[in-house]
Amino acid sequence: MSYSMIERSTVPLTKEDFASDQMVRWCPGCGSHAILATLQSIFPRIGYKRENFCVVSGIGCASRFPYYVNTFGFHGIHGRATPIATGVSVSNRKLSVWVIAGDGDLMAIGGNHFLHTIRRNVDLNILLFNNQIYGLTKGQYSPTTPFGQVTKTSPYGTIEKPFDVGKLVLAAQGNFYARVVDNNTKLMGDVMYEAAKHDGTSVIEILQNCVIFNDGAHKAIADRATAPDRQLILKHGEPMIFGKDNNKGIRLGSRGLEVVTIGENGITEKDILVHDAQQQDAGLHNMLADMHWPDYPIALGVIRSVPSPTYDELLEKQMIDAKATSNIKCVDDILNSGDTWEI
Amino acid sequence: MTKKKFEVIEKESVVVKFVGDCGDGMQLTGTLFSDTSAMSGNDLSTFPDYPAEIRAPRNTVAGVSGYQVHIGREVRTIGDKCDMLVAMNPASLKANLQWVALGGTIIVDVDAFVDKAFDKAGYASNPLEDGSLSSYHIIQAPISSQAKEIAISLGMDIKDADRTKNMYALGIVAFIYDRDLKILFKQINDKFKKSPKVAEINIEVLKAGYIYAESIEAIESRFHIPTAVLPKGKYRNISGNIATAWGLLAASERSGRPLFLGSYPITPATDILVELARHKSLNARVMQCEDEIAGICSSIGASYAGSMAVTSTSGPGLSLKSEAIGLAVMTELPLVIINVQRGGPSTGMPTKSEQADLLQALYGRNGSCPCIVTAASSPSDCFEMAYNTAKLSLEHMTPAILMTDGYIGQGTELFRIPKVADMPSITPPLAKAKDPNYKPYRRDEKTLVRQWALPGTEGLEHRVGGLEKTDIFGAVSTDPINHDKMVSNRNEKVQRVADYIPEQDIIGEDSGDVLVVSWGGTRGQVYEAVKNLQKQGKKISLAHFKYIMPLPKNTADIFAKFKKIVVCELNDGQFANYLRIVHPQFNYIKYNKIKGIPFTTTELINTFNQIF
């Protein structure tokens, strides 16, 4: 198992150990600052030696990320962060590999790689910065921009339905999916830690604010004042209760999930669903991922975390088995295999 | 039956082509014939000739599959024309008659020459009766009816019995060319080792064909083909694609860097992926990716993490990989890209061969983006060139593109088996843990090569990527002077590879009237043509290139000593145009062919003769 295989640091590391000498060049107020700070503080908590982390990105605002983290880093090309990271992970299982990419990178140009990476269950942690806009190219709509939104390339409003990241992950047979908002760094850090411990592809969708080109895109659910009523923070094994008075909950009714109030119409805590992130069947996870404000609170935290063999370990197992059983022990053996003759 | 007396004719070499419907077993028949010949000591070259369709309609020209075998004392090509054609139906005769030498022998399965089959093949009349084959020696053999009868009598069901006809045909050919039946039977037993009964019936059918040939009047002579004059050693038959895969495995073993292949199936390169996927016992990590781009990108990630990374493809796939090759150039990581060229542009002619991707390999990327470019000259040479290309890429920290083609990739020839320990050593420039002086773009003064610092190594944490970086330190930079220096560093690093490749050799005198220049998979035909003219006393020599970028250092010195230079290649003059850029002081005459098929030695001789 990758998590248990990676060598741990014998000296305690700090957030500062993971800060590089490069000036951070994101816009003031960009959600990326909080994500960077959180990851830099979670790496010491995960506890691996600094050289065992590897951060891989694609192209976009988010993808400058590796330059700011003092460990091994690879800034790739647009859409290809996941295959590049796959090559790193498969080549060396003793690395903790993190993919940093935006909604353009992973949902548009790299959409196909994203699905296949998840399907294979490569041992990667993917942080998907979802600000629902193209930032680096200055404000064009992305595959997650809401239907009808006016942007530079959709002056009459988009006429495309957006992708829902969580539902895509689950459709691709993903085993780990979490969602957080960029202004809740405590939850973000906890979720990153859970992702690191999960072997296989972990996807964390971070609802991120772009102050310049899509300011307030997530305001309805992110605003601290209204967040308690609009966010359901899931914890494995705990009832799905939310609300500023802690009296609202999610119940499974005959037509799917329902928001109910404890104490009204005879509802008690017993009626409220208890979150099981480890359930094999993704049906309920899919319903949770599909909850949107104002009909529902948005589900945050780890929605699904199911153990499953990783591509990396299955490949290694085949290699170990082949070495044990094959007559081919070195290249000379292949060259001399089959029909040969002396002249 | 009284034993007939046969005239035995001595022949330096013969070309035999087996043709029939897809599914008639022509590839197997050809392989059995060539392997048996090789094991009897002949030199050889083979080429499968199959359509892109998996199973085209029966008895149509579109569905013809063939296998050409050239055996003899000294063989370098598959042969211009066939001495013998074995045609299992009218369509295969129609498609291949153009390749039979005048006066050559054609063996037909007369049972398949029926009205319905003439229609499907597009014959207005029976070619066996209308006089159109009068320039050839025709043997009309009852191949399928005899084979079927024997197989059924030995207990085979009708459907399987029908499929033994290729063995009857092989029996006839084996008699005429005096093949060693013991070796042939062993081959068949090995091939069908899971079903000994099938092997036994196939052998009986083959024997019947052999006896038939011995008894009929149409066959009056047999041929004796002398054994090869080759250096002593252990040999095998090998295709270019397999040799490429094995050369890569050898380079991985010698460099101590585990092999990673990220690839996507594409004709005619797929065999490399298939072969490497078999060798997990040698630490070969092989990923069949979702597309060509994922293939190269996973390889780049693997290279960053310390693997000997490879991606294999053919023309259209190389186009898809262009952007990522630029990333590997920028990050200065080793990466071997194999391009098994096919007919282009676009999807082009996937099963046919061409050399038209050269300029793409040299220049087909954004920015000033140099790669090492090499080319293999024959099926067995793919082993050495795959090894050497990987060595150059690993030691010079830069992507390298090896150009082969469908003709040498799928064709076979004899391969003298080397010992891996005798191959040159491969020493990648790995950075040492905790090296306080490590910097991502610090370079070796002599080679300009940067160090390879593997993730997981203490004290070497660093960042690379597609953005331009500062010299030595590797910080993101758009500084104009720095960019100019980095572009120049990357170019110069590749140019200095010229100090580490062999000097260009010349076949023939080092001065004269005509220098023939060629590259890659055409060596066999060009060599034979030049040798032929040299024997006639012509002052002609050959410089066949395997190192394209950079060119060998003595290239201009060689060119200067000839009155005329003719560059022949299977494209519209791409190498000639490249030479005009690198060595503009010479005049280059072009001879080009873009038909999806190799040169013939005859056409080259005629062409060169007109140049004197």
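Biologist: How many bridges join β9(B) to β16(B)?
Modeller: Five bridges join these two strands, which run antiparallel; strands are DSSP runs of E with at least two residues, helices are runs of H or I with at least four, and both are numbered from the N terminus. In β16(B), B:Leu414 is the bridge partner of B:Asn237. Two strands count as paired if DSSP finds at least two bridges between them.

Biologist: Before we continue, what kind of model is this?
Modeller: It is a predicted model, in which local features need pLDDT of at least 70 and side-chain atom pairs count only at pLDDT 80 or more, while totals for chains, interfaces and linings use all residues. Residues are numbered from 1 along each chain as its sequence is written, and chains are lettered from A and ligands numbered from 1 in the order in which they are written.

Biologist: Which strand of chain A is joined to β9(B)?
Modeller: That is β12(A), which is joined to β9(B) by two bridges and runs antiparallel to it. A:Trp341 stands opposite B:Tyr235 there.

Biologist: How much of β9(B) is buried?
Modeller: Five of its six residues are buried, so β9(B) is largely enclosed by the rest of the structure. A residue is buried if 20 or more other C-beta atoms, placed from the backbone, lie within 10 Å of its own.

Biologist: What is the order of the strands in the sheet?
Modeller: Nine strands form an open sheet with mixed pairing, in the order β12(A)-β9(B)-β16(B)-β3(B)-β4(B)-β2(B)-β5(B)-β6(B)-β7(B). The edges are β12 (341-342) of chain A and β7 (137-141) of chain B, each with a single partner strand, so one side of each is left without a neighbour in the sheet.

Biologist: And how is β3(B) joined to β16(B)?
Modeller: Two bridges join β3(B) to β16(B), residues 412-416, and the strands run antiparallel. B:Ser45 stands opposite B:Glu413 in β16(B).

Biologist: A change of topic: which domains does chain B have?
Modeller: Chain B is divided into domain 1 (7-224), domain 2 (237-422) and domain 3 (512-611), with bounds from an automatic or database domain assignment. The contact between domain 1 and domain 2 of chain B takes 13 residues from domain 1 and nine from domain 2; residues are in contact if their C-beta atoms, placed from the backbone, lie within 7 Å.

Biologist: Which element supplies the largest share on the domain 1 side?
Modeller: β3(B) does, with six residues.

Methods. Two residues are in contact if their C-beta atoms, placed from the backbone, lie within 7 Å. A residue is buried if 20 or more other C-beta atoms lie within 10 Å of its own, exposed if 12 or fewer, and partly exposed in between; C-beta atoms are placed from the backbone.
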